[in-house]
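Me: I am new to reading protein models. Please take one part and look at it closely, then show me where it sits in the whole.

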Amino acid sequence: MEIQHFSYDNKIVKAFIIATVTFGLVGMLVGLTAAIQLFYPIFNFDTQYTTFGRIRPLHTNAIIFAFVGNAMFAGVYYSLQRLLKARMFSDTLSWIHFWGWQLIILAAAITLPLGLTTSKEYAELEWPIDIAIAIVWVIFGWNMIGTIFRRRERHMYVAIWFYIATFVTVAVLHIVNSFEMPVTLFKSYSWYAGVQDALVQWWYGHNAVAFFLTTPFLGLMYYFLPKAANRPVYSYRLSIIHFWSLIFIYIWAGPHHLLYTSLPDWAQSLGTVFSIMLIAPSWGGMLNGLMTLRGAWDKVREDPVLKFMVVAITAYGMATLEGPLLSLKNVNAIAHFTDWIVAHVHVGGLGWNGFLIFGILYWVVPKMWATKLYSTRLANVHFWLGTLGIVFYALPMYVSGVVQSLMWKEFNPEGFLVYKNFLETTVQILPLHMLRAIGGGLYLIGAIIMTYNLIKTAYAGNFIANEAAEAAPLTKDYVATSGGWHHRVLEHKPLLFTVLSLIAILIGGILEMVPTFLIKSNVPTIASVKPYTPLEVHGRDIYIREGCSNCHTQMVRPFRSETERYGEYSKAGEYVYDHPFLWGSKRTGPDLHRTNGKYSNAWHYNHMLAPDAVSTGSIMPPYPWLFEQSIDQNLTAGKISALRKVGVPYNDGYEDTANEDLQKQANEIATNLKADGIETSPNAEIVALIAYLQRLGKDIKAEKVAQTNENK
Amino acid sequence: MYKNVLQAIDNIAIWPVVSLAIFFIFFIVLLWWAFTADKKYINEMSELPFNDKRK
């Protein structure tokens, strides 16, 4: 039989590895900065580019898309070629993919600190970058599927199934969630409003975790763990079940991010049920990973690669048990909006993704440089620093989450909130936040040690840019000797396989979202809810730009502890003009949905200028630039038109006169401030922001008045 | 409230039934597929990561 000689492209893997390590360090450093900002507000550095509201999305994007993303590509490019016995389909596509992805990261690193954001979590990047992501992602998929077509190995190993599902699903998620109406080159409004926007966003957000942070890494686990342990996976049958049930169920679970919100109840319950079901495939996968090491645990004691992998897989198991438990309404009632969720995601991020990446890097770098790891000892030091880092990160956050939540909910015997002032609950958890930063710092030091170790390893070895290999080509007259027809059908036909996995993930998405979209009145209309005024639209865009929703929710849940603290619980009908929705997912500060009339304009003015002076002990950074910068009235018309296009009922031609209304409202606020002895330009950004904040919760009050009058 | 709204779409009651049916069939087929695979094939597949040099 003819044997073909070819080579594996290691150079592209090397490039992705360098990017992984670099952006890992950067992303962790930014995360550490954000963590410190939460107890030393001085670390917001008093500039608008470095406040927590802008730094936090920079951290999440850097970790998810730059660190984990580049690691995923490195692992896929390494394992795919070897599993298929073929070089990547096209070196040119590989490099376009690499540089395209790095340019997107660069664009994110520039735009996010500038405040150019959609505010939708993990999808913050604005529309031109969204388009670039879609293009680069398709290039990655094209290159991957092209390679599959040129394979010299007939069967597609289960890792490749996970890669295909990753490609297909992330494409669908990204495109659906990124429908937005451009206003300017770097400003857009979400196509969806309020409850629908929230449902789409968390369908995306949840599955970004599922299909960007989980499925590709399960694929990597199924390749690199057997390689590192030098034994096949425990049960290949289990891996088949793992794959199909995981991708089929995962896609339904998004609504568990919206329990007790204004999302229709049936959708919330659906999210809960599917989240519980997810335990089965997740734990199946975890056990499959751990059982692969049966009889090889002596190796785990000596080999840092396996140590990292074992902790990673264990963290995966813990996070995927915790996730479903958090999806139970009674647990969620306590955990949601608190640090508990932050702990949960970091068990996944630091433990599962981080440690699996470290394990893979320690294994693959010596292989590609044809040498031994420079120092096993240093790798062990890294392992322990990292593990301690996770513990010091997660434990304080769990305690902090529970403590704060219980304080929010505590009533005295007279029936009043014990901690009526939200700030008391914030101050209480600051020591825990300090501990968390120590945990993050340990983890980062570990990663720095790894970087040193890997660089030393590379210098000691000789890089094999093109690794020679040989294999026989596939023949057309193949007759399966085993497996039966149903296995041939899937594993020999990559396109059919891709389509089937697409169908598997679409079923969940469709059955969940169609009812919400078909029925307009799924969002009960409230007559008194009106579109935002032009000034409020400007104010809302400032709220988005400053990333206020990173710390403040706009969702009063129907609990007595919340209605007592904030006021009337939030109704779906209040959000019908919210493009995008701004419910938030974390309460570092209090909810803002019932801000109207709670404080005077002057209070807001002083508070934004010096939060600590108004509320002693506040950790909110000051926003002095809002007082110097003016809103751009030239943008008003464009904003109004764009909002009308996505469904906000402004009258035709209103964009031409909108600035008159804007000026009138701004003058009123400026005059009101003057009465309190504050001189400000009506065009200052702070005026628009005050207008927006004072609007929050105003309409529902009008509804109450209307109802009372009707009853008379 | 939602009940009324949902009742407004034609045959909304069929959605949960369809969902359940899809699920049931999906998992039955999946389990059947996994457990009827023969051992030789399964072993061959799980050895794949190890024969990346030559066959």
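Reply: Start with a list. The buried residues of α18(A) are P534(A), L535(A), E536(A), V537(A), H538(A), G539(A), R540(A), D541(A), Y543(A) and I544(A). Keep in mind that this is a predicted model.

Now the helix itself. Helix α18 of chain A covers residues 534-545, which makes twelve residues. From its first C-alpha to its last it reaches 17 Å. That is close to the 16 Å expected at 1.5 Å a residue.

How many of the twelve residues of α18(A) are buried? Ten are, so the helix is largely enclosed by the rest of the structure. Here, a residue counts as buried if 20 or more other C-beta atoms lie within 10 Å of its own.

What do the buried residues of α18(A) pack against? They meet three helices of chain A: α22 (636-645), α23 (654-675) and α24 (685-695).

Next, compare another helix. Helix α12 of chain A spans residues 339-368 and has 30 residues. At 1.5 Å a residue it should span 44 Å, and its end C-alpha atoms are 41 Å apart, which agrees. Yet α12(A) has a bend of about 30° at G354(A). Is α12(A) largely enclosed or largely open? Of its 30 residues, 26 are buried, so α12(A) is largely enclosed by the rest of the structure. After α12(A) comes A370(A), with a positive phi near 50°.

Now turn to the nonpolar cores. In soluble globular proteins, nonpolar side chains tend to be buried together. The largest nonpolar core here has 176 residues. Which of its members touch the most others? They are Y77(A), I160(A), M309(A), A312(A) and L356(A). Helix α6 (residues 194-229) of chain A gives this core its largest share, 23 residues. Take M309(A) as an example. Leaving out residues up to four places away in sequence, M309(A) touches L225(A), A228(A), L356(A) and G359(A).

Strands come next. Strand β2 (residues 180-184) and strand β3 (residues 187-190) of chain A run antiparallel, joined by four bridges. In one of these pairings, M181(A) has Y189(A) in β3(A) as its bridge partner. The two strands form a hairpin, with two residues between them.

Step back to the whole of chain A. Its secondary structure comes to 25 helices and four strands. The radius of gyration of chain A is 27 Å, close to the 27 Å that the globule rule gives for 712 residues, so chain A is as compact as a globular protein of that length. Along the principal axes, its C-alpha atoms fill a box of roughly 90 × 50 × 50 Å. Of the 712 residues of chain A, 54% count as buried. Consider contacts in chain A with a separation of 6 or more: 83% of them involve residues 24 or more positions apart.

Last, chain B. It has three helices and zero strands. From the N terminus on, its elements run α-α-α. Of its 55 residues, 13% count as buried.

Definitions and conventions: Residues are numbered from 1 along each chain as its sequence is written. Chains are lettered from A and ligands numbered from 1 in the order in which they are written. This is a predicted model: local features need pLDDT of at least 70, side-chain atom pairs count only at pLDDT 80 or more; totals for chains, interfaces and linings use all residues. The expected span of a helix is 1.5 Å times one less than its number of residues. Two residues are in contact if their C-beta atoms, placed from the backbone, lie within 7 Å. Two strands pair if DSSP finds at least two bridges between them. A nonpolar core is a set of buried Ala, Val, Leu, Ile, Met, Phe, Trp, Tyr and Cys residues joined through C-beta atoms within 7 Å. The bend at a residue is the angle between axes fitted to the seven residues ending there and the seven starting there. The radius of gyration is taken over C-alpha atoms; the globule rule is 2.2 Å times the number of residues to the power 0.38.
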